[in-house]
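Biologist: I have a structure open and want to learn how to read it. Can we go through it feature by feature?

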Amino acid sequence: MKKILLSAFAALFMVGSAFADTVRMGTEGAYPPYNFINDNGEVDGFEKDVGDMLCIRANLDCVWVINEWDSIIPNLVSGNYDTIIAGMSITAERDEVIDFTQDYFPPSPSVYMGLSGSDVDVDGGVIAAQTATIQAGYVAESGATLVEFATAEETISAVQNGEADAVLADGDYLSSIIAESNGEFANVGEVSIGGGVGMGVRESDGALKAKMDKAISSMKEDGSLNALIKKWFGNDANTF
Amino acid sequence: MFSYCADPKTLEGLMWLSCYITTAKHMSFYVSFLVVMGLISLAAPLAMAFGFAGAIAARSSIRVFRLIGKGYLAMIRGIPDIVFFLFIPIALDQAFEFLRHKVLCSDVTEPIRQGNDFVVCAAAKLPLSTASEWVHDMYGFLLALLAFGFVFGAFTGNVLSGAMTAVPKTQLETGEAFGFSPRQIFRRILLKQMWVYALPGLSNLWMILIKATPLLFLLGIEDIVYWAKELGGIKTGVYEYKACHLHLFQIHLPHHYH
């Protein structure tokens, strides 16, 4: 027993050999087309493409980590991964806790989605939103009754089963759901909230932020970022 | 998995089903059953060990042990599980990394706590960020196992200490009359007789342990519930096979340039 404990203790202090620049990219994996888990069980989506290309340009070795949205910031600051790349809008509140790179996705409107033909009062009704999103913050201040859910998908179900009158989320997330719902859902209003989407890094991690900023700039300059935006969000999407 | 699965558009009926239930995502779903069962089959004995130690400490004649034992049992049972499931793995992880940082990077002068950030040197990370994914998974699994063992140990401890109290005093006194030492009475009579009273409570705890496994995703382990949610979730055209994506992309581009 003593031996086991001792060797376990020794294992705790073993040093690894190589230190390549491995960057762990944290994402939610449940917000298509930004990020989702494909049929192969791997991370996929706009941010997977952008992240992989950024890592090539910044000469970093990247691995993808899935973490639920609720605890995505606490796990970044405690060092379980090094970036958040999960459709996270740049806001002043988040900027107090973590740092953001420049935006890699331009500001785009948020959409209220309700059942087709229903008369939704977006400022007084019951509105669903995902916890800790800019949309949840907006609904809380708009005078409507906010119902929060841990994942974006549960907000859609809430509208479907009548628990909420409408859901407020990024238009780019809702557009394909509206388009493929066979007329069950409709866009019942739009608002512009939040800035663009940026990559979250620890405040103490200035070096990584600088590398990523440079890589994003280079992708903006040669148009490869715009091409990816069009690939995932369609030709009408806002570009740089 | 099968060769005919390559083009999803041609599939129908059972052929489609055989492809669907063998996607890599479904395979992860099946594997997660093994992970969860592995966890509970290891967590149960670990919880028994913690519980046994807790129960003995709580009944100890030495005041300090008694306080520690009773404190452990009462605290864990009184505070919501979810607090401990969040606290223990993160606190343990940070404690390990803190120690490693002190030993391996003693020359680094920057503080570990910088505002909200917990920053240790690259060599002190546990596991190293260069380590392969299975090492990270295994480490998360071990932390989860400790958390489950610690929390369920308190429940087990309470059941065991109750069972020990329930053993009829006369049986213990009979042992004394035969000249057994207190240690012998404990080992030969109390420990054996208590199981009769402990088993119903323990089987109930086993059920609760099984029910508590969805908390695993909180600890970063992709468990049965996570994959079931992932498989049962809303799917739009975005989820189509990669090959189709490229195809659409190529069709769309010329449109744009018209």
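**Helices, sheets and contacts**

Modeller: Start with a helix pair. In this predicted model, helix 5 (residues 133-166) of chain B packs against helix 7 (residues 182-211) of chain B at an angle of about 150°. Their axes are 8 Å apart.

Biologist: What is the handedness of the crossing of helix 5 and helix 7 of chain B?

Modeller: Right-handed.

Biologist: Which residues of helix 5 and helix 7 of chain B meet?

Modeller: Read each side in turn. Helix 5 of chain B brings residues including B:Phe152, B:Phe155, B:Val159 and B:Leu160. Helix 7 of chain B answers with B:Leu190, B:Met194, B:Tyr197 and B:Leu205, among others. By class, this contact of helix 5 with helix 7 of chain B has 14 nonpolar and 2 polar residues, and no charged ones.

Biologist: Now a sheet. In what order do the 5 strands of the open sheet in chain A stand?

Modeller: The order is 5-1-6-13-7, with mixed pairing. Then look for the edges. Strand 5 (61-66) and strand 7 (99-105) of chain A each have a single partner strand, so one side of each is left without a neighbour in the sheet.

Biologist: In which sense do strand 7 and strand 13 of chain A pair, parallel or antiparallel?

Modeller: Antiparallel, over 4 bridges, with strand 13 of chain A covering residues 197-201.

Biologist: What about strand 9 and strand 10 of chain A: in which sense do they pair?

Modeller: Parallel, over 5 bridges. Strand 9 spans residues 126-130 of chain A, and strand 10 spans residues 145-149. Within the pair, A:Ala128 stands opposite A:Val147.

Biologist: Next, domains. How is chain A divided?

Modeller: The assignment gives domain 1 (21-107 + 196-233) and domain 2 (110-191). Their C-alpha centres lie 25 Å apart. At the contact, 9 residues of domain 1 of chain A meet 11 residues of domain 2 of chain A. The domain 1 side has 5 nonpolar, 3 polar and 1 charged residues.

Methods
Residues numbered from 1 in each chain as written. Chains lettered and ligands numbered in written order. Predicted model: local features only at pLDDT ≥ 70, side-chain atom pairs only at ≥ 80, totals over all residues. Pairing = 2+ DSSP bridges. Helix = DSSP H or I, 4+ residues; strand = E, 2+ residues; numbered from the N terminus. Domains from an automatic or database assignment. Contact = placed C-beta atoms within 7 Å. Nonpolar A, V, L, I, M, F, W, Y, C, P; charged D, E, K, R; others polar. Axes fitted to C-alpha atoms, helices over the stretch in contact; angles between N-to-C directions. Left-handed = near helix turned anticlockwise from the far one by under 90°.
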